[in-house]
Amino acid sequence: MLIGIDDTDSPAGMCTTYIGALLVKCLGEAGCTVREARLIRLNPNVPYKTRGNAAVCIVADGDAEYAFQAACDLVDAYADLACDTTNPGVVVVSKPPDSAFYYRALRDFCEIDEAVRLCKAAGARFRGWKNGRGLIGAFAAVASDLPDTTSEYLAYRSAECTGVRDVDPASIFAAEEATYPHTWDSVDRENGVVVCVPHTPDPVLFGIRGESPAWVTVAAGMIRSEPPVLTQVYRTNQGTDAHIVPGRAGALAEGCSYRLQGTVAALPVTRRGGHISLILEDAGVRVRCMAYEPTKGFRDLIRSLIPGDRILVQGSWKGGSINLEKVRIDAIAPETVTRPPLCPAGHGRMTSAGAGKGYKCRRCSLRSPYPDVTDLPRKLVPGWYEVPPIARRHLAMPLVRKRLFSN
Ligand code: ATP
């Protein structure tokens, strides 16, 4: 059976992955065999999300009615039902449904009615609390298809704790140092900050992301912290770029995430707050791309682009621009400076002789029809560039993984 759960938390606390971890424990204690715990990230642009739009799916063998009741009891006990925007959903199916709904929930927007209809059609045990919106994520989680996956080790403190977490930052830097590139994004080395310890009032103590359960467990074992009350390794679509689809300028839908290629059409502009705006042209249609201030050093790369550079961009189309997650530089345009030519008689630079009349030396009257055009060296190197770990979206594939793939 597959048990999906979503929408149990609120800005004031809780986390659906914590309820998933409690359910794994509870099923194990009841004699069920838990085959897999999945942490499924869905469309990062849905307005209803609390934080990272996560749902969980537990794959297990055992009594489906027991599992359904256990999941519902955990939601009743732990979900922040007092919060207006917390609308949990629990779905239990005996076999994986068609993955089409998962892909739509990952890449597009879904309706509650559709999720209810699909639950009924799949013969699922299901329950929605309040408006039942969590059924969307819960059904998408049981329908999830994971052609590429990574792992996350989550350590939890007790659900009542909401204060500062006691986790030694030096041990996190050391764990990343020892296990990178097999784990990633525990810290942001360039910006000198810890990324894997949340600051929100939820039960997550820290989370380690990496290529396999073994690697994330090794890294987690190196971290000095207050003792976790619970731990869980999830298999996840995080770090896979699963939310990205090919896009075309002029045919982008609000809240969807794309990869598209084009030519830089104008020099990047730095806006108030340090946000960088870049205009890309694809088949005569212009698209604005944004590198926001939190992307820190990535903005230097965007600032160094000039008209004519060929690039491929990835990111979400929101409010009339692509919010850049990563960029591939495909071809670098020559950068030149054009100046009046030097006078051959050694009188320094000529000056313009008037519109369309070439250049003239003001001392000896020698003329030249042509300007002096010099190529400037460009430091830019073709290849992929990404936002730093502090600004990374859960679903975005870090480049340390991308080297495994040809695109
Ligand atoms: P956490 O991950 O910390 O548990 P969250 O950020 O995942 O919180 P939720 O509280 O789960 O946020 O809220 C997301 C809500 O949006 C859920 O009700 C989920 O069912 C719904 N949802 C997820 N994906 C889509 C989608 N593509 N279209 C419409 N609704 C969606």
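Student: Which residue forms a salt bridge with Arg 392?

Tutor: Good place to start! This is a predicted model, where local features need pLDDT of at least 70, side-chain atom pairs count only at pLDDT 80 or more, and totals for chains, interfaces and linings use all residues. Residues are numbered from 1 along each chain as its sequence is written, and side-chain values use heavy atoms, leaving out hydrogens and water. A salt bridge puts a side-chain nitrogen of Lys or Arg within 4 Å of a carboxyl oxygen of Asp or Glu. With closest N and O atoms 2.8 Å apart, the partner of Arg 392 is Asp 185.

Student: How many salt bridges are counted between domain 2 and domain 3?

Tutor: The domain bounds come from an automatic or database domain assignment, which gives domain 2 as 150–236 and domain 3 as 244–332 + 378–406. Between domain 2 and domain 3, the count is one salt bridge.

Student: What area is buried between domain 2 and domain 3?

Tutor: Buried area is the accessible area (1.4 Å probe) that two parts lose on being put together, summed over both. Carbon and sulfur atoms give 59% of it here, and the total is about 910 Å².

Student: Is Gln 314 buried or exposed?

Tutor: Buried means under 20% relative accessible area, exposed over 50%, and partly exposed in between (1.4 Å probe, protein chains only). Gln 314 has 0% relative accessibility, so Gln 314 counts as buried.

Student: Which side chain does the side chain of Gln 314 join in a polar contact of 3.1 Å?

Tutor: A polar contact is a pair of N or O atoms within 3.5 Å; within protein, one must be able to donate a hydrogen and the other to accept it, and residues adjacent in sequence count only if both atoms are side-chain atoms. For Gln 314, the partner at 3.1 Å is Asp 241.
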